[in-house]
Amino acid sequence: MTTVSTLPFLCGALAAFWLWLGIRSFARGHIGTAGLVSVLVWIACLAAWGVVTARWALSGYYRSAEFYSLLPGLWWPMIPAFITVGILALPPFRRALHAIASHNARSLVMVQALRIAAIGGVLKGLSGLLPPSFALPVGIPDMLFGLSALALAVLWPTKGRPTRTLIAWNLIGIAVILPAPILMQLGLPGPLHIFTSTPDARALFEYPMVLAPTLVVPLFITMNAIHAAVLWTGPTDSGRDA
């Protein structure tokens, strides 16, 4: 059964955000044609995965014995990260991401404020629509991180935030989600199944909720990793293709 959810909106918002960053960076000369095309390919691949995971939820695949035989699937939520790493094999994409992140630090912080939407999962956990053993320890820190992003972006100083501060902040954004794959497996009918009360983690694989663990949340922490990596290696003046 489908329910009202912000998750499809978040998918569209993240796609639109990266499309805007790509076009804006191209218009300003920060990336070249190949870089822009590689960003578009990345967005298209993530969108394709979003369609696949949504169709699997709607078709009942995520409740099938075939899916359960793959558990524990600790790698499953990381498919968006795997897609990103695969496309990073293309030099134009690496240069484009580096240039985009170098010139849009505040935007990359601001977009993380969308994680405030995790309050929806928290409320569903409290109301018995999602397993509280997952929704509360994952949703509350995620929501608080989203609030911190809003505060950082609104109070952005003229000279920007110190690099070390932003690196640490992005690493925190990743850390608050690290327990999620384990907690999810503990509520699925596999070898790690411990939380047996209903609803269990199978509720996370119903549409549209499935978009959170398989696309939206992994993409947020992938963005944290991208931003932290660029800050660590240092900014670049241009990501234009040679």
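## Ground rules

Since the model is predicted, local features need pLDDT of at least 70 and side-chain atom pairs count only at pLDDT 80 or more, while totals for chains, interfaces and linings use all residues. Residues are numbered from 1 along each chain as its sequence is written, and side-chain values use heavy atoms, with hydrogens and water left out.

Helices here are DSSP runs of H or I with at least four residues, numbered from the N terminus.

## The largest pocket

Let's start with the open space. The largest pocket has a volume of about 830 Å³. A pocket, on a 1 Å grid over the protein atoms alone, is an open set of points with protein on both sides within 12 Å along at least five of seven lines; a cavity is a set of points where a 1.4 Å probe fits but cannot get out, and lining residues have an atom within 4 Å of a point. Grid points are joined across faces, edges and corners, and the volume is the space filled by probe spheres set on those points.

Which residues sit nearest the centre of the largest pocket? They are Ala212, Val216, Val217, Pro218 and Phe220, out of 49 lining residues. Helix H11 (211-233) gives the most to this lining, with 13 residues. Other helices that each supply at least two lining residues include helix H1 (7-27), helix H4 (79-87), helix H5 (91-103) and helix H10 (179-186). By type, the lining splits into 36 nonpolar, nine polar and four charged residues.

## The closed cavity

One cavity of 30 Å³ or more turns up, and the largest cavity holds about 30 Å³ of space. Its lining is made of Arg24, Ser25, Arg28, His30, His103 and Asn104. That lining has no nonpolar residues, four polar and two charged.

## Helix H5 and its cover

H5 has 13 residues and runs 19 Å from its first C-alpha to its last. That is close to the 18 Å expected at 1.5 Å a residue, where the expected span is 1.5 Å times one less than the number of residues.

Several H5 residues are buried: Phe93, Ala96, Leu97, Ala99, Ile100, Ala101 and Ser102. (Buried means under 20% relative accessible area, exposed over 50% and partly exposed in between, with a 1.4 Å probe and protein chains only.) Among the elements covering those buried residues are H1, helix H2 (33-59), H4, helix H6 (105-110) and H11.

Serine 107 is in H6 and counts as buried because its relative accessible area is 19%. Beyond its neighbours within four places in sequence, serine 107 is in contact (heavy atoms within 4.5 Å) with Phe17, Trp20, Leu21 and Arg24.

## The loop between H8 and H9

Tryptophan 156 sits in the loop between helix H8 (132-154) and helix H9 (163-175). Tryptophan 156 and arginine 106 are 50 residues apart in sequence, with their C-alpha atoms 7.5 Å apart. Apart from residues within four places in sequence, tryptophan 156 contacts Ala105, Arg106, Val109, Arg161 and Leu166.

Lysine 159 is found in the loop between H8 and H9 too. Lysine 159 is exposed, as its relative accessible area is 83%.

## Two cis prolines

The peptide bond from leucine 71 to proline 72 is cis, with omega near 0°, and proline 72 lies in the loop between helix H3 (65-68) and H4. Tyrosine 207 and proline 208 are also joined by a cis peptide bond, with omega about 5°; proline 208 lies in the loop between H10 and H11.

Methods:
Nonpolar A, V, L, I, M, F, W, Y, C, P; charged D, E, K, R; others polar.
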